Amino acid sequence: MKLIVQGGTPLCGRVRVSGAKNSSLALIAASAISGEEVYLDNVPKIADVKTQMEIVRALGGQVSWEGSNTLRLKWHGSLNTDIPYSMAKKIRASNLFLGAMAAKKGTIKIPLPGGCNIGSRPMDLHLKGLGMLGYDVSLEHGYIEARPGKLKGCSIYLDFPSVGATENIMMAAAGTPGTTVIENAAKEPEIVDLANFLNAMGGRVRGAGTDLIIIDGVSEFKGTRFSVIPDRVEAGTYMIAAGVTGGEVTVENVIVKHLQPVIAKLQDVGLTVDANEDQITVKRTGDIVATDIKTLPYPGFPTDLQSPMMVLLALAEGTSLIVENVFENRFQAADELKRMGAKIQVKSHTAVIEGVQGLSGAQVKASDLRAGASLLLAGLAAQGETEISCAELLTRGYERVVGKFSSLGAEIKCLSEEDDGLELRTSLTASEKEDPQASRASS
Ligand code: EPZ
């Protein structure tokens with residue numbers, strides 16, 4: 001899929017933020033722990049959710065859309081233990097079925113996960129946690145296999161506050177007899193959402209949101225209805241877009257607290273940010289001021305907004321520094337932004353960005369989800385036309401991305417590669433809204 005972006009129009013207006021991708025993917029997996037019906041509200045219709053749904057069905061669970069953004073899930077009877085490699089290689093979150101199936105004290109065999117190529121993304125902390133809970137864990141031929149041994153709660157220290165490892169251990173411990181303590185746990189809002197969801201199903205999780213999480217294993221889990229938190233990364237992307245294009249954008253349906261690190265940085269670079277209740281308005285009133293950014297686990301600046309911020313800093317007065325402390329290969333947007341006139345020098349975990357007057361449209365290629373988002377922002381700011389190939393990566397994490405940006409005044413056309421330019425659509429069709437990947441299937 002290609003996006004054709006005409007740059008130079010300041011974005012203005014209001015956009016409603018969808019449910020969080022990274023919470024939805026964890027909760028879909030966690031629903032397997034209950035044998036009763038689970039309803040998840042505020043789930044975004046994005047490609048990664050579609051893939052996670054395919055995995056649910058491959059494991060023997062039932063899942064369907066009920067209304068616009070509600071999923072109905074039902075897991076009953078014996079489940080398969082294998083996740084097909086073709087599905088697992090698409091998204092990192094396939095690995096979250098490890099903890100969910102462990103909570104059912106079943107054997108689980110999953111292919112090493114795929115996902116954005118932003119680093120090696122090992123699974124050592126996940127496997128350490130499951131092993132300490134009493135699982136016999138093996139990693140052979142590209143597959144992780146965990147077979148229940150003598151399962152018992154324990155104290156697990158994470159060398160790094162890994163989001164996925166914290167989620168997998170929390171889920172597995174929720175169904176393991178005894179008390180488990182996770183030390184140096186991840187504190188992201190998505191961790192708190194998962195803990196609240198486990199508790200809504202009858203789990204006993206305390207301390208989520210701090211670096212010490214205590215889980216008392218229980219044997220029975222019931223069905224529930226639960227609403228996913230708003231997506232702080234989607235919200236931040238639109239907030240940065242206001243600065244990049246020199247406009248004024250209000251994001252609605254947000255939890256302001258989750259965006260504090262982003263708000264602080266946008267104010268540092270000279271944008272006006274007004275936050276109240278569940279909405280935030282970002283306005284550019286003058287020059288962008290250079291600043292330095294270090295990505296850190298929450299509540300530090302989120303690594304998922306590092307690439308979009310790079311575009312803003314590329315247009316700043318002065319030289320900025322970005323240090324990427326979470327992933328080892330997350331500056332891939334830099335080369336494509338340089339094709340648009342940005343001045344960026346990358347050395348290991350550091351990017352030095354010398355601000356320029358403006359960017360110019362070019363043909364660029366998205367390498368991963370958030371790098372793709374940064375290229376869209378750059379295209380909106382650039383003079384002239386930008387063609388973004390591999391743009392289907394954006395549908396992995398941004399619901400109705402063309403429609404939402406178009407509603408703010410962006411001039412974007414969606415061109416599916418196979419159409420040879422014959423078919424230009426300004427937003428996803430009704431069927432694609434139902435099924436984000438239909439656009440790829442139909443093209
Ligand atoms: C989650 O990935 C998110 N994905 C990522 O969002 C996000 O960037 C990341 O957390 C950090 O916030 C989902 O929730 C589906 P980690 P995850 O385990 O769980 C190292 C997006 O764009 N590590 O916290 O994979 C790892 O290599 C995506 O929405 C180990 O060393 O992140 C990395 O350097 C991208 N051993 C660091 O920790 C392990 O066992 C952070 O990884 C696990 C991780």
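Modeller: Gladly! Let us begin with a pair: Lys21 and Asp48 are both buried. Keep in mind that this is a predicted model.

Biologist: Why is Lys21 called buried?

Modeller: Buried means under 20% relative accessible area. Lys21 has a relative accessible area of 9%, so it is buried.

Biologist: What makes Lys21 and Asp48 a salt bridge?

Modeller: The rule asks for a side-chain nitrogen of Lys or Arg within 4 Å of a carboxyl oxygen of Asp or Glu. In Lys21 and Asp48 the closest N and O atoms are 3.9 Å apart, and the pair forms a salt bridge. Lys21 lies in helix H1 and Asp48 in helix H2 (residues 47-58), so the pair ties together parts that are 27 residues apart in sequence.

Biologist: Which other residue does Asp48 meet in a salt bridge?

Modeller: Its partner there is Arg396, with N to O at 2.7 Å. Salt bridges with shared partners join Lys21, Asp48 and Arg396 into one network.

Biologist: How far apart are Lys21 and Arg396 along the chain, and how far are their C-alpha atoms separated?

Modeller: They are 375 residues apart along the chain, while 8.7 Å separates their C-alpha atoms. Lys21 is also in contact with Arg396, and with others including Pro44, Asp231 and Gly397.

Biologist: What makes helix H1 mostly covered?

Modeller: Helix H1 spans residues 21-30, and nine of its 10 residues are buried. Among them are Lys21, Leu25 and Ile28.

Biologist: Into which domains is the chain divided?

Modeller: Domain 1 takes 3-18 + 230-442, and domain 2 takes 21-227. Their centres, taken over C-alpha atoms, are separated by 29 Å. To the contact, domain 1 brings 30 residues and domain 2 brings 29 residues. About 2500 Å² is buried between the two domains, and carbon and sulfur atoms give 51% of that area.

Biologist: How many salt bridges does the rule find across this interface?

Modeller: Two salt bridges cross between domain 1 and domain 2. The interface also has eight residue pairs in polar contact, both residues being at pLDDT 80 or more. On the domain 1 side, helix H12 (369-381) and helix H14 (430-434) are the elements that give two or more residues.

Biologist: Why is Glu234 counted as buried?

Modeller: The limit is under 20%. Glu234 has 2% relative accessibility, so it counts as buried. Its place is in helix H8 (residues 232-245). The side chain of Glu234 reaches the backbone nitrogen of Ser18 at 2.7 Å.

Biologist: And why does Lys343 count as partly exposed?

Modeller: Partly exposed falls between the buried limit of 20% and the exposed limit of 50%. Lys343 is at 46% relative accessibility, so it counts as partly exposed. Lys343 lies in strand S19 (residues 343-347). Among the residues in contact with Lys343 are Val352 and Val356.

Biologist: How do you know that Glu387 and Lys2 meet in a salt bridge?

Modeller: We set the distance against the limit: within 4 Å is required. Glu387 and Lys2 have N to O at 3.9 Å, and their side chains meet in a salt bridge. The pair links distant parts of the chain, with Glu387 in strand S22 (residues 385-389) and Lys2 in strand S1 (residues 2-6), 385 residues apart.

Technical notes: Residues are numbered from 1 along each chain as its sequence is written. This is a predicted model: local features need pLDDT of at least 70, side-chain atom pairs count only at pLDDT 80 or more; totals for chains, interfaces and linings use all residues. Side-chain values use heavy atoms; hydrogens and water are left out. Domain bounds come from an automatic or database domain assignment. Contact means heavy atoms within 4.5 Å. Buried area is the accessible area (1.4 Å probe) that two parts lose on being put together, summed over both. A polar contact is a pair of N or O atoms within 3.5 Å; within protein, one must be able to donate a hydrogen and the other to accept it, and residues adjacent in sequence count only if both atoms are side-chain atoms. Helices (H or I, at least four residues) and strands (E, at least two) are DSSP runs, numbered from the N terminus. Buried means under 20% relative accessible area, exposed over 50%, partly exposed in between (1.4 Å probe, protein chains only). Lists of a residue's contacts leave out its neighbours within four places in sequence.
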